[in-house]
2 protein chains.
Amino acid sequence: MAFDTSGRSPGQRYRRAAAVAWAVVVPLALIGFLAVHVMSDGAKEPLSQAGSPHRESPTGHFLLAAATVLVACRIGGSLMRRLRQPAVMGEICAGLALGPALLGQVSPEAAHWLFPASSLPLLDGLAQLGLVLFMFGVGQELAHVRMRGTLTRAVLVTHASLLIPFAGGTAAAVALLATDSGTGGVRPVVFVLFVGCALSITAFPVLARILADLGRMRTEPGRLSLFAAAVGDGVGWLVLAALLAGARGGATPGGLLFDALGTLALVALFLGPVRRLLRRLPALNDGRTADIGTTTGLVAGIAATSALTAALGVHQLIGAMLAGLVWPVRRRPADQVARRLARSAASTLLPFFFFFEFGLHTDLSTLRWDGRTVLTLLGLTCLATVTKVVGPAVTARLTGMSWRSAYTLGVLLNARGLTELVVLQVGYQAGIIDERLLGILTLVALITTAMTSVLLHCGRAASQHGPRELRDQQDRLDQQDQRDSVGDEGMRTGQPV
Amino acid sequence: MAFDTSGRSPGQRYRRAAAVAWAVVVPLALIGFLAVHVMSDGAKEPLSQAGSPHRESPTGHFLLAAATVLVACRIGGSLMRRLRQPAVMGEICAGLALGPALLGQVSPEAAHWLFPASSLPLLDGLAQLGLVLFMFGVGQELAHVRMRGTLTRAVLVTHASLLIPFAGGTAAAVALLATDSGTGGVRPVVFVLFVGCALSITAFPVLARILADLGRMRTEPGRLSLFAAAVGDGVGWLVLAALLAGARGGATPGGLLFDALGTLALVALFLGPVRRLLRRLPALNDGRTADIGTTTGLVAGIAATSALTAALGVHQLIGAMLAGLVWPVRRRPADQVARRLARSAASTLLPFFFFFEFGLHTDLSTLRWDGRTVLTLLGLTCLATVTKVVGPAVTARLTGMSWRSAYTLGVLLNARGLTELVVLQVGYQAGIIDERLLGILTLVALITTAMTSVLLHCGRAASQHGPRELRDQQDRLDQQDQRDSVGDEGMRTGQPV
């Protein structure tokens, strides 16, 4: 609190400052005097302080752990951005460093003191909420994608970007099965399809962020890769939902099909009637400024949808993405609330996910670096890159796109990022893949994501347009966007990935 | 994802919709075919699904619990707002209803199923983070207060609003000590000063919200009560910090004084150098739109400050309020980030606090309603109301304010609301008061808060200005405010209380 000193003489300011000081000091002095006075009486009585029945609160320690995680991830993200990599890479590395991989090796005492067992469930709560809200954001991003351009090319490229890596992944999985490694103990078909899924997923938010950073958002490969990634991710999560239903065990082939159909029915219900209902609610579409109740309602709705899908045997994250798909886009205040929620949640709560899942539970240091592991890692990385880059690029070239644009398109689709890591964690927790394959596929995801900007840079070196020119053009378009949407907070693509 | 259909013929729209359908259906059909094919092979192999090493995740259940808490609090808040009470009253009642007080009585099985022991630590994490961010918001509100008007009156009214209830509270505490009830087992002086503190606190955010609702924000009693409440809350939390240092036990009178001085030094460090440093950081004051890093940095800073004060033996919430006091106000983007954080955190995370602290740990149904309890409740309610309403009102009248304005001022200062409840929980957890006195003082806080709008309404009935007229005037001022701050999200006072 302070006095308003604008446009007053120094004497007036002084008098007002003195008044504030008096208002604070006199009560404090009186209370202090009273305290000392009463205390001299109180000291004569017996004190029973040792046995006081107060609950020990781990909150202070929890806050320290939370601050450590946030600061570490922020530093990691900044460092990676200096290296022209997505910030999310640095945040994941920071999360890994706080776990047994680095901090646990350097000083187990410090790790134990910083993150005592009592703090972990509290950090888990933040991580889970962050992940659910992140997946809601992914759903919203998908709902935002619009297709403009050549139809045939879009359909063919989408099929190529989805089916070729999927075929490669299933082939690799069959090979892994033959050497009897990697499966977490579920039906072989679930394992094979899961690995196929895992290799064919593109990280939609990473892609959008890279495109925005490079100034390619509105170019033909940019739009096309966004569309292909959106369709591919949608299909991938659908298949994953069916696989999880199958992985629960006890299901016959007929039961598996039944579960898959049930999942599809749920998705149809949400994308049809629920979506239409939300688009008609006046409170979400009347163009006014968002109020607080809408935010609370949205969080409650996301949590309820996730809980519903989890209860039906589908993973809760698929429910969260569904909620993102059906929540109205391009309408105020619905869009505004969702954007703010996805942004703030992603920035604040995802570091807890990186720490909790990658730092604590993905201990890459336990990976035995024998010949087979290295071979598997190299093979899967090559397979993932080649199928994801070459397939769509050749398809795009065949439909008439220039080689340069086709190459860019393929490279862009190869960024797997956080979405892939989430898929892997889901599969690991459902017992579909074992810890070793989780570690290897995590490394594959990190490598292919890091590769994207390097490969793009190589392609750009041979370009006729300098990067500066492209970026300037995009800047002008962005500024126009911002003028169009005063009151919105930044671009969609400002979302962390 | 969808096609952009604006300005196209129905035929084109149909072709585009068909293309999207093809892009999704063909891969799904192929994968399904493959699945059935591989499955018929896989079924011949032995399945080891029972022993799959997957971790059981309580996340689905946790999300269900979270959705329940949010929806219940939202319904409670809406109902209370219909009754012209602050929404926070309804949210607290909803939190109480979900605990053993109502749901536990009606159906213990449902309560146990909805909130299993495994979900509670996760909910606790959200509650603690919400509370810390709420206290940061309180600090920011205090930092926003500017004094305009009569100096002498401001100082005198502040003293009266602080010292008269404090004196009343200490007298009541001495009486309670004489009947040997209420103390949690700490030194009597700590108990006496704590009860004094508890009765003299005004809920600053509740006050701001009531003033905005009634259209009194810019009137003389409105401004004066905001100033008095800000100074009073600041002093109250300082005293509380010193008390908590003393309640830790093992301290001599000299040690208590030493701890209090240490707390004051910490506060001085933050309000002086740290505050000046933050006001000079260009990233916080350059007027640009807030980016995501600033939000993460702010959350990390709040958590770190809270952890620091907790480590020094002062409660973590005092650290959070300190962070709110030193974070720059009225500068972009610092102000924008803080406002968004305090708003979204308060709306989304505080219901978890209401559920976790009030629902689960403040079981009012265990209060034995014998004569002494009823007498204590009535006595403390009367004492709290009379000292808080009459003292400042008479002082304001003596300095020349009209009786009507003086009455309004006193009634406004009597709203204790959430801040008081937080203080009580802090005192209970430190072992200063016992469960019975916690229940009684919680009821006192709820009653005095509910009383405020009723008493204001009574006062207004005798007024020369109709409420509609006052409200219209405030509406015009508010609209002007909103035009001045395009891009900011709503009024400060839109914050939940």
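## A buried threonine in chain A

A residue counts as buried when its relative accessible area is under 20%. In this predicted model, Thr295(A) has a relative accessibility of 11% and therefore counts as buried. Thr295(A) belongs to helix α13 of chain A, which covers residues 292-311.

Which residues does Thr295(A) touch, when those up to four places away in sequence are not counted? The residues touched are Val337(A) and Leu341(A), together with Ser347(B) and Thr348(B), so named with their chain letters because contact here means heavy atoms within 4.5 Å, whichever chain they are in.

## An enclosed helix in chain A

Helix α3 of chain A runs over residues 87-97, and because nine of its 11 residues are buried, this helix is largely enclosed by the rest of the structure. The buried residues of α3(A) are Ala87(A), Val88(A), Met89(A), Gly90(A), Glu91(A), Ile92(A), Ala94(A), Gly95(A) and Leu96(A).

## Two packed helices in chain B

Two packed helices are described by the angle between their axes and the distance between the axes. In chain B, helix α7 (residues 151-178) packs with helix α16 (residues 371-398) at an angle of about 160°, and their axes are 8 Å apart. Angles over 145 degrees count as roughly antiparallel, and α7(B) is therefore roughly antiparallel to α16(B). The crossing in which α7(B) passes α16(B) is right-handed.

On the side of α7(B), the contact is made by Arg153(B), Leu156(B), Val157(B), Ala160(B), Ser161(B), Ile164(B), Pro165(B), Gly168(B), Gly169(B), Ala172(B) and Leu176(B). On the side of α16(B), the contributing residues are Thr376(B), Leu380(B), Leu383(B), Thr387(B), Lys388(B), Gly391(B), Pro392(B), Thr395(B) and Ala396(B). Sorted by class, this contact of α7(B) with α16(B) has 11 nonpolar, seven polar and two charged residues.

## Aromatic pairs

A pair of aromatic rings is described by the distance of the centres and the angle of the planes. Over all chains, the count comes to four aromatic pairs. One of them is formed by Phe353(A) and Phe354(A), whose ring centres are 5.9 Å apart and whose planes stand at 55°, so the pair is tilted. Both Phe353(A) and Phe354(A) are buried.

In chain B, the rings of Phe353(B) and Phe354(B) likewise have their centres 5.9 Å apart and their planes at 55°, which means that this pair is tilted. Are these two residues of chain B buried or exposed? Phe353(B) is buried, with a relative accessible area of 2%, and Phe354(B), at 0% relative accessibility, also counts as buried.

How values were computed
Residues numbered from 1 in each chain as written. Chains lettered and ligands numbered in written order. Predicted model: local features only at pLDDT ≥ 70, side-chain atom pairs only at ≥ 80, totals over all residues. Heavy atoms only, no water. Axes fitted to C-alpha atoms, helices over the stretch in contact; angles between N-to-C directions. Helix = DSSP H or I, 4+ residues; strand = E, 2+ residues; numbered from the N terminus. Parallel < 35°, antiparallel > 145°, perpendicular 65-115°, else oblique. Left-handed = near helix turned anticlockwise from the far one by under 90°. Nonpolar A, V, L, I, M, F, W, Y, C, P; charged D, E, K, R; others polar. Phe/Tyr/Trp six-rings, centres within 6.5 Å; stacked < 30°, edge-to-face > 60°. Buried < 20%, exposed > 50% of the residue type's maximum accessible area, 1.4 Å probe, protein only.
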